[in-house]
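Hello,

Here is the structure for you to look over. My notes follow below it.

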Amino acid sequence: MLSISQIQDEIIDEFSQFDDWMDKYALLIDLGNSLVPIDDKYKVPQNVIEGCQSRVWLTAELDGDRRIIYQAESDAILVKGIVALLLRVFSGRTPDEILNADLYFVEKIGLREHLSPTRSNGLLSMIKQIKLYALAFKSKMG
Amino acid sequence: MKLNSQIIQNIRADFPILEEKIYGKPLIYFDNGATTQKPFCVLQKIEYAYKHLNANIHRGVHFLSQQATEAHEDARNVVAHFLGAEKREEVVFTRGTTEAINLIAFSFGEAFCSENDEIVISVMEHHSNIVPWQMLCERKKMKLRVIPMNEKGELQLDAFRRLLNENTKLVSVTHVSNVMGTVNPVDEIIRISHEMNVPVLIDGAQAVPHIPVNVRELDADFYVFSGHKIYGPTGIGVLYGKEKWLNALPPYQGGGEMIENVSFEKTTYNVLPFKFEAGTPDYIGSTALAEALRYVGDIGIEKIAAYEHELTTYAVEQLSAVEGIRFIGTATEKSAVISFLVGNIHPYDIGILLDKLGIAVRTGHHCAQPLIDSLEIPGTVRASFSFYNTKEEIDVFVAALKRVVAMLI
């Protein structure tokens, strides 16, 4: 299995074939469209991350191998595309891997603006929440 | 003479930022409802003021202080004239619309409100004209009443009449909706309120840059606006209040400028308007705002209104060709604001992709969350125009929107 860094490098590689922002965003839209929708039972207020612009739903559970499975979705398709990438990087990892991970691919593929606090689309809080879940599961596992 | 394309080209040359390139594309700035760009004369005025007449005002006996004081007080005359105020003392400088409303919510609340009293606002208010009243209602155990609107985005005056009662202390409504561009019948609202002896505050932030306003003709008790939305600098705004009301209100903040005499036993307050201008006023801001108002006055607000109306009508026509478009707010009386949604596309996605094409629009709830929630939509895409915008820009915008929608649908 690839490491978190290796997956990020893979994503950077995939995006590097596009010079034009239009193609890059078209890929993001495709990723957003193919993201498996979160189950309606998880679309509850306690799982919502409210941004000023868009919202993100995030839920996490531990599987039998003590890996965290995240599910997430957004009401905006571009945000959903980035959510799909974040899930690819973080979902199915152990709490330690997630806590120690250095997130760099978003900036490298030229989408840093979407993580700006002023964008307020829920993504920045989603990343914090991903780490918080990891911390919570780690302490629960002892 | 109406504003023809030659005049508009000359006007555009007054705004240096319109030369900017965004991601290599010419800037198309359609976010004028959030803030407007500044003409050279305003920028030069700020520089001039700092270079040639900067000294603290009102208190200095020296030459520069006199000059700065004169500039600040002259700015008050300009604002009074611009609004059609009876007296210059009725013009108080604030940091903006928000501070002006907070000032009234506090001082009026202190003087005239008590438990079970009511404040009336409307469903289409900006958060700035909601939250200060909620804070007052919480502080004094009062009730907030909300005027509803019809499906076109027009306030329902019959319902408004029914909201007024002997407990109503103040009505505070926006002149123009920042989301839908609806121009509210504030003259009617004021007349109806005055029949019940209820004073009215009008939030003019979205009105003064676009339509003629005369506070005396309106008979408004309070009228507030922000400098930066009318081509002036940020950080300066105006509270107009009828003299009888302003005299009856206690000060909002204490400090320098607003006092007459201070001792540890008792402080007496200065006369209007200084009673409400605690601390060193933003005299550079007021001077530059006056310059902006002169600039707008020289072009002519009636001509601006006519040209912007033409632009808005053209934009609605062109946008109507976009498949799946739905306009939010179709009031008969509208200012230069168009809010819309396309199909089920989220406004954020449209805003981000338009930005990549050099087009600045606003997306989201536009600080009017209760309105957006009442419409059960995730927000809108808002294009808001100024007299420096052109039909050619609208053509580029509509073509870009079609391209973006094709990507997203």
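What percentage of the 409 residues of chain B count as buried? The figure is 50%. Bear in mind that this is a predicted model.

Chain B overall

Chain B holds 14 helices and 17 strands. Its radius of gyration is 22 Å, close to the 22 Å from the globule rule for 409 residues, so chain B is as compact as a globular protein of that length. Along the principal axes, the C-alpha atoms of chain B fill a box of roughly 70 × 55 × 35 Å. Take the contacts in chain B between residues at least 6 apart in sequence: 71% of them join residues at least 24 apart.

A helix pair in chain B

Look at α3(B), residues 63-83, and α10(B), residues 283-299. Their axes come within 8 Å and cross at roughly 40°. That angle makes α3(B) oblique to α10(B). The crossing is left-handed. On the α3(B) side, the contact residues include A71(B), A75(B), V78(B) and F82(B). From α10(B), L289(B), L293(B) and R294(B) are among them. By class, the contact has ten nonpolar, four polar and two charged residues.

Where the chains meet

The contact between the chains takes 13 residues from chain A and eleven residues from chain B. On the chain A side, α2 (21-34) and α3 (77-90) are the elements that give two or more residues. The largest share, four residues, comes from α2(A). This side of chain A has nine nonpolar, three polar and one charged residues.

Best wishes

Technical notes: Residues are numbered from 1 along each chain as its sequence is written. Chains are lettered from A and ligands numbered from 1 in the order in which they are written. This is a predicted model: local features need pLDDT of at least 70, side-chain atom pairs count only at pLDDT 80 or more; totals for chains, interfaces and linings use all residues. Two residues are in contact if their C-beta atoms, placed from the backbone, lie within 7 Å. Ala, Val, Leu, Ile, Met, Phe, Trp, Tyr, Cys and Pro count as nonpolar, Asp, Glu, Lys and Arg as charged, and the others, Gly among them, as polar. The radius of gyration is taken over C-alpha atoms; the globule rule is 2.2 Å times the number of residues to the power 0.38. A residue is buried if 20 or more other C-beta atoms lie within 10 Å of its own, exposed if 12 or fewer, and partly exposed in between; C-beta atoms are placed from the backbone. Axes are lines fitted to C-alpha atoms, for helices over the stretch in contact, and angles run from 0 to 180 degrees between N-to-C directions. Angles under 35 degrees count as roughly parallel, over 145 as roughly antiparallel, 65 to 115 as roughly perpendicular and the rest as oblique. A crossing is left-handed if the near helix is turned anticlockwise from the far one by less than a right angle, and right-handed if clockwise.
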